[in-house]
Amino acid sequence: MPASKRDQLLATAERLFYEQGFHATGIDRIVAAAGVVRMTLYNHFASKEALVAAVLSARHERFMASLDAAAASASPGEVTPALVDAHGHWLERYSQHGCIMVKAMGEFAEHSTEIHALAAAAKSDLLARLETAVVCDGLDHHAGLARHLFMVLEGSNTTVALLGPQTALTDTRAVVDALLAAARSETP
């Protein structure tokens, strides 16, 4: 079944925003690449900022769904590693050039508090998922573990573009495994 014009615009805009940047990608480029006219875009999105918000929201929902699926299918005591693996799979498939939310935070920090806040909230959601996973795995006695894991995953978002997915993800997993081993060895 063909994608709706709205879905087509979202997919095209996401790809272009990710590859070229939000401010560098104009509406004319998006509509040309999507094969629609400008009016079609404005029938679905009131402004470029509304399109950016919709792209970030849709991508975030897909990412969170992948994390939630991984957590739901994880064995007891293995929720945190399952989230780390899901994050790694996402990087391999969709984010080999860094995190679109970080890019949005950088580009919109001075230009749109709404877009910046949307991207920052996405990061807070990842941290919350890690906090929940640490509790599920019985590791919440280790102060700051979820935050430390978050910092490692955020580091992998950046290093994947420099080191490549294989190296970045192997190194990320090694650091995560060391953090989890240390937390498991502590007596609550």
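Reader: Thanks! At what angle do helix 4 and helix 7 pack?

Author: Helix 4 (residues 48-73) and helix 7 (residues 113-136) pack at about 5°, with their axes 10 Å apart. Axes are lines fitted to C-alpha atoms, for helices over the stretch in contact, and angles run from 0 to 180 degrees between N-to-C directions. Helix 4 is therefore roughly parallel to helix 7, a label for angles under 35 degrees, while those over 145 count as roughly antiparallel. Do keep in mind that this is a predicted model: local features need pLDDT of at least 70, side-chain atom pairs count only at pLDDT 80 or more, and totals for chains, interfaces and linings use all residues. Residues are numbered from 1 along each chain as its sequence is written, and side-chain values use heavy atoms, with hydrogens and water left out.

Reader: Which residues of helix 4 meet helix 7?

Author: Among them are Val 52, Leu 56, Phe 63 and Leu 67 in helix 4, and the partners in helix 7 include Ile 115, Leu 118 and Leu 126. Contact here means heavy atoms within 4.5 Å. Ala, Val, Leu, Ile, Met, Phe, Trp, Tyr, Cys and Pro count as nonpolar, Asp, Glu, Lys and Arg as charged, and the others, Gly among them, as polar.

Reader: New topic! How many cavities of 30 Å³ or more does a search find?

Author: The search of the whole structure finds one, and the volume of the largest cavity is about 180 Å³. A cavity is a set of points on a 1 Å grid over the protein atoms alone where a 1.4 Å probe fits but cannot get out; lining residues have an atom within 4 Å of a point.

Reader: What lines it, and which residues lie nearest its centre?

Author: The lining of the largest cavity has 16 residues, with Phe 63, Trp 90, Cys 99, Met 101 and Lys 123 nearest the centre. Helix 4 gives the largest share, four residues. By class, this lining has nine nonpolar, four polar and three charged residues.

Reader: And overall, how many helices and strands are there?

Author: Nine helices and zero strands. Helices (H or I, at least four residues) and strands (E, at least two) are DSSP runs, numbered from the N terminus. The C-alpha trace spans about 60 × 35 × 30 Å along its principal axes.

How values were computed:
Angles under 35 degrees count as roughly parallel, over 145 as roughly antiparallel, 65 to 115 as roughly perpendicular and the rest as oblique. On a 1 Å grid over the protein atoms alone, a cavity is a set of points where a 1.4 Å probe fits but cannot get out, and a pocket is an open set with protein on both sides within 12 Å along at least five of seven lines; lining residues have an atom within 4 Å of a point. Grid points are joined across faces, edges and corners, and a volume is the space filled by probe spheres set on the points.
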